[in-house]
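Trainee: I would like to go through this structure by question and answer. Can we start with the strands and then move to helices and domains?

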Amino acid sequence: MNSIFIKKYWFLWNSFAVSLIIMMIATSFTLNNVPGAANGTLKIRFINTANGKPVVLRDSVYSNVFGEQYQINKLKYYISNVSITNSNGKTNFSEDCHLIDAANEENIIEIPLQAGKYDKLKFLLGVDSIRNCSGAQTGALDPMNGMFWTWNSGYIMFKLEGNSTASTADLQRIEHHIGGYKGSDNVATVIQLDFNTAKNLEIKAGATTELVIETNLDNYWHGNAAIKIAELPMCMITGEPALKVAKNFTRLFSVKEIHQAP
Amino acid sequence: MKIRITIFVLITAVIFIALTGASNDDGYGIFNPKPIELKIPVGWPKPTANIFANNKLTEEGFRLGKKLFYDGKLSKDGEVSCASCHQQFAAFATFDHDLSHGVNNTLSTRNAPALYNLAWKSNLHWDGGINHIEVQPLSPLTAPNEMGETLENVINKLKKDTSYKRMFKAAFGDAEINSQRMLKALAQFTGTLISANSKYDKVKRGEAVFTPFEEKGYMVFKSKCASCHQEPLFSDFSFRNNGLPLNRFNDIGRQKITRKSSDSLKFLVPSLRNAQLTFPYMHDGRIYSIPQVIEHYRSGISTEQPTLDSSLKNRIQLTNLEKNQLVYFIYTLTDSSFTKDTRYTPDGINSVFNPGFDKH
């Protein structure tokens, strides 16, 4: 009886199984398009600091190299096009865009990576030109995040708002909305960080390695260009003052710690 | 064998539906979008920018865009919709207003441009500050003297409305409401407003003939106006200073966007289609009638402005007769099949008030 049943419906079972396999393969293709076998995770944590302390919004008073005191009310910036290179020179690239916001409890970017040693990290501080002119975006680039200019299309790449006794603007405010993507107005800046070879960053299969990047606002005000609050309390358009501020972008970031996967 | 193949196909289909169709069953209706096409009128160039490259045009997306366009919810006080300042009977400009009304009895500082044939326009606004049709609504939505609302509030209001959930589902596959979907839907509506059926178009298609007076006007137009107001869209979409003095808002136009002094007082060349319905004219609505506009080009241009368009250095020489002929030609650009098209009116309204000015 049993064998007859199996025999009789053999084809039916067979086609059911074949269909299921086809479906599973199709599903797995859509769910997992990361090539390579042994994957681990790189967790990049951004920590914003000023005067050696973590940035706390609407709270601490910091001072810049010119002795100007300031408080921070908003600090947001885009990190995109993260690429990380392993010791064989092979690069993993992700064009995802992330909004780092000091109002978040933590700011973490997770990247699945093949196991191995990595020694270079590159990312764009800002949003590349294509995404500035491709219409309505979502996720980190949703205009709801307050990082899109409505009167002159384009993303604010870096936003710092606060107050300072040095500011000559209304209510002693600081409003730095640094943006611009067209040609010579482009402020999006490629940041490259090399890991100290002694503590090479290693990704292990099934484990998470954490990389802590410090964004040090002390370097926002000086280095490649002197940005005095008294002289530039407000910067909300593209062009010259924004470009000057952006000159210091390359000095904002450094590798603070690497927590190697066990 | 044939039966076996049929059974195989059926089982595959059943499993596929079971795996993928679950999202259809969420209480907000089904997702079965009907694609529509942007119809390019015969003899027109291809649109300069493919504004629908990442925004698949569907009947459902268009209908959602239309509902949003006519909905006061998008503004702070619930009263001002896109359609408040873009009225169909005025070819989607503001009828008889130099400036438009915003929330709290505010006034805008620029004349609301007519909306049609936007797929051929790569920069929007009088100063060209907007680089894509999808992001244009962000400006009027959030401007305190227009709709005065935050994007966040708009999305929250839409989320509380079940009819929107159904329409977002129908257009995008699930009931999620976000700013990107709202903006894409609005672009599906505004980007497919096509006006190409005026008497002029019918003459071009051999379906009508100009009167001798209109014909003379067309000749005048071709020799004196067409270099900027290029056929068939009646604009070359460049930015030019047409010799208007700086206004009380110190509106420097294109210079605000490019920061170049050479762009001072330059504004986007508007299309002349439906000009009969879009009065008053210019970026701030300072000129009330078409004859007065022509008079500006004949005698009013401030020729001492350094950025004045080179083609206007000697103003435009026209006789009184030519001026009148030109006015009559411009009247042939009125397209009442556009201003009466019920596809563009709110759902449930089957006719639209229309002064019916066409020369047919």
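**Strands, helices, domains**

Mentor: This is a predicted model. In chain A, strand S7 (residues 116–125) pairs with strand S11 (residues 189–194) in the antiparallel sense over 6 bridges.

Trainee: How many bridges join S7(A) to strand S4 (residues 69–86) of chain A?

Mentor: These strands also run antiparallel. Ser80(A) faces Leu124(A) of S7(A). The number of bridges joining S4(A) and S7(A) is 6.

Trainee: Which residue of strand S12(A) stands opposite Tyr118(A)?

Mentor: S12(A) covers residues 201–203 and pairs with S7(A) over 3 bridges, in the antiparallel sense. Opposite Tyr118(A) is Leu201(A).

Trainee: Now chain B. Are helices H9(B) and H12(B) roughly parallel or roughly perpendicular to each other?

Mentor: H9(B) spans residues 212–224 and H12(B) spans residues 320–331. Their axes lie 7 Å apart, at an angle of about 100°. Angles of 65 to 115 degrees count as roughly perpendicular. H9(B) and H12(B) are therefore roughly perpendicular.

Trainee: How many nonpolar residues has the contact of H9(B) with H12(B)?

Mentor: H9(B) contributes residues including Phe213(B) and Phe221(B), and H12(B) contributes Leu326(B) and Phe329(B), among others. The contact has 2 polar and 3 charged residues. Its nonpolar count is 7.

Trainee: What distance separates the centres of domain 1 and domain 2 of chain B?

Mentor: Domain 1 is 59–195 and domain 2 is 199–336, by the domain assignment. Taken over C-alpha atoms, the centres are separated by 27 Å.

How values were computed
Residues are numbered from 1 along each chain as its sequence is written. Chains are lettered from A and ligands numbered from 1 in the order in which they are written. This is a predicted model: local features need pLDDT of at least 70, side-chain atom pairs count only at pLDDT 80 or more; totals for chains, interfaces and linings use all residues. Domain bounds come from an automatic or database domain assignment. Axes are lines fitted to C-alpha atoms, for helices over the stretch in contact, and angles run from 0 to 180 degrees between N-to-C directions. Helices (H or I, at least four residues) and strands (E, at least two) are DSSP runs, numbered from the N terminus. Angles under 35 degrees count as roughly parallel, over 145 as roughly antiparallel, 65 to 115 as roughly perpendicular and the rest as oblique. Two residues are in contact if their C-beta atoms, placed from the backbone, lie within 7 Å. Ala, Val, Leu, Ile, Met, Phe, Trp, Tyr, Cys and Pro count as nonpolar, Asp, Glu, Lys and Arg as charged, and the others, Gly among them, as polar. Two strands pair if DSSP finds at least two bridges between them.
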